[in-house]
Amino acid sequence: RARAPRRMSDCLVTDGGATAGYLRVGRHDFALYILPPGGAGGARLHGCPRLRTALAGHEVAVLRRLQHATSVGGFVGELREVLERQLAADALAGSLTPALPPAAFYEQLIAEVNGIGWASLCGLSPSLDELQLTIDDTARRAHVLTLSLPPDYPARSPVARAALPAPFELRWA
């Protein structure tokens with residue numbers, strides 16, 4: 001007798017008020033990080049590129065729901081409803097990016113951080129699509145360089161951001 005496939009459920013962990021993990025809606029998994037209201041920066045929802053795509057155009061309404069939520073669980077339920085409605089729309093369902101980049105993406109990322117040195121890595125997004133590196137200039141001043149990696153990295157160059165006293169242009173070879 002064949003077994004029915006086991007339904008994967010959400011995997012959310014709360015630590016120190018913040019909640020992080022994966023939310024499953026239909027066949028889609030969304031990585032997210034929730035900072036509830038009352039923190040230093042106020043209520044925030046950070047998500048993987050797939051979640052940002054699914055919520056495009058609804059960011060203000062979702063943030064408003066988060067700010068007025070009485071619990072993280074209640075907000076996650078409301079977020080699930082919004083995502084279910086969005087995923088039901090054929091146009092959006094066809095435009096979602098792949099759930100995860102190929103293994104080569106992660107292998108390349110690890111190899112490059114090994115080459116730069118892990119000590120230079122000062123931040124990494126939960127979805128591994130954005131990293132922050134500490135770079136010293138010729139005057140030995142530390143600067144933070146933020147690199148946003150596209151899903152097809154390394155075929156396409158990352159987008160670099162930095163707060164510098166002079167213009168900075170990333171040359172990708």
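Val62, Arg65 and Leu66 in helix H2 meet Phe75, Glu78, Leu79, Val82 and Arg85 in helix H3, where contact means heavy atoms within 4.5 Å. Sorted by type, the residues of this H2–H3 contact come out as 5 nonpolar, no polar and 3 charged. For that sorting, Ala, Val, Leu, Ile, Met, Phe, Trp, Tyr, Cys and Pro are nonpolar, Asp, Glu, Lys and Arg are charged, and the others, Gly among them, are polar.

Keep in mind that this is a predicted model, in which local features need pLDDT of at least 70 and side-chain atom pairs count only at pLDDT 80 or more, while totals for chains, interfaces and linings use all residues. Residues are numbered from 1 along each chain as its sequence is written, and side-chain values use heavy atoms, with hydrogens and water left out.

Back to the helix pair. Two packed helices are described by the angle between their axes and the distance between the axes. Here, H2 spans residues 59-68 and H3 spans residues 72-88, and their axes come within 9 Å and cross at roughly 160 degrees. The axes are lines fitted to C-alpha atoms, for helices over the stretch in contact, and the angles run from 0 to 180 degrees between N-to-C directions. H2 and H3 are therefore roughly antiparallel to each other; the cut-offs are under 35 degrees for roughly parallel, over 145 for roughly antiparallel, 65 to 115 for roughly perpendicular, and oblique for the rest. The H2–H3 crossing is right-handed, meaning that the near helix is turned clockwise from the far one by less than a right angle.

Glu78 is one of the H3 residues in that contact. At 30% relative accessibility, Glu78 is partly exposed. Its C-alpha atom is separated by 8.9 Å from that of Leu66, 12 residues apart along the chain.

Now for the whole protein chain. It has 5 helices and 8 strands, and along the sequence they follow the pattern β-β-β-β-α-α-α-α-α-β-β-β-β. Helices (H or I, at least four residues) and strands (E, at least two) are DSSP runs, numbered from the N terminus. Of the 173 residues, 29% count as buried. Among contacts with a separation of 6 or more, 28% are between residues 24 or more positions apart.

Here is how some individual residues sit. Buried means under 20% relative accessible area, exposed over 50%, and partly exposed in between (1.4 Å probe, protein chains only).

| Residue | Relative accessible area | Class |
|---|---|---|
| Asp129 | 13% | buried |
| Arg24 | 17% | buried |
| Gln108 | 28% | partly exposed |
| Ile135 | 36% | partly exposed |
| Arg140 | 75% | exposed |

Start with Asp129, which lies in the loop between strand S5 (121-124) and strand S6. Leaving out residues up to four places away in sequence, Asp129 touches Pro49, Arg52, Leu147, Ser148 and Leu149. The side chains of Asp129 and Ser125 are joined by a polar contact of 2.9 Å. A polar contact is a pair of N or O atoms within 3.5 Å; within protein, one must be able to donate a hydrogen and the other to accept it, and residues adjacent in sequence count only if both atoms are side-chain atoms.

Arg24 sits in strand S2 (residues 18-25). Its side chain has a polar contact of 2.6 Å with the side chain of Asp29.

Gln108 belongs to helix H5 (residues 103-116). The side chain of Gln108 makes a 2.4 Å polar contact with the side chain of Glu112. Not counting residues up to four places away in sequence, Gln108 touches Tyr153 and Pro154. The C-alpha atoms of Gln108 and Pro154 are separated by 7.5 Å, although the two are 46 residues apart along the chain.

Ile135 is in strand S6. Setting aside neighbours within four places in sequence, Ile135 is in contact with Arg141, Ala142, His143 and Leu145. From Ile135 to Leu121, 14 residues apart along the chain, the C-alpha separation is 9.3 Å.

Most residues other than glycine have a negative phi, and most peptide bonds are trans. Arg140, though not a glycine, has a positive phi of about 65 degrees. You'll find Arg140 in the loop between strand S6 (130-136) and strand S7 (142-148).
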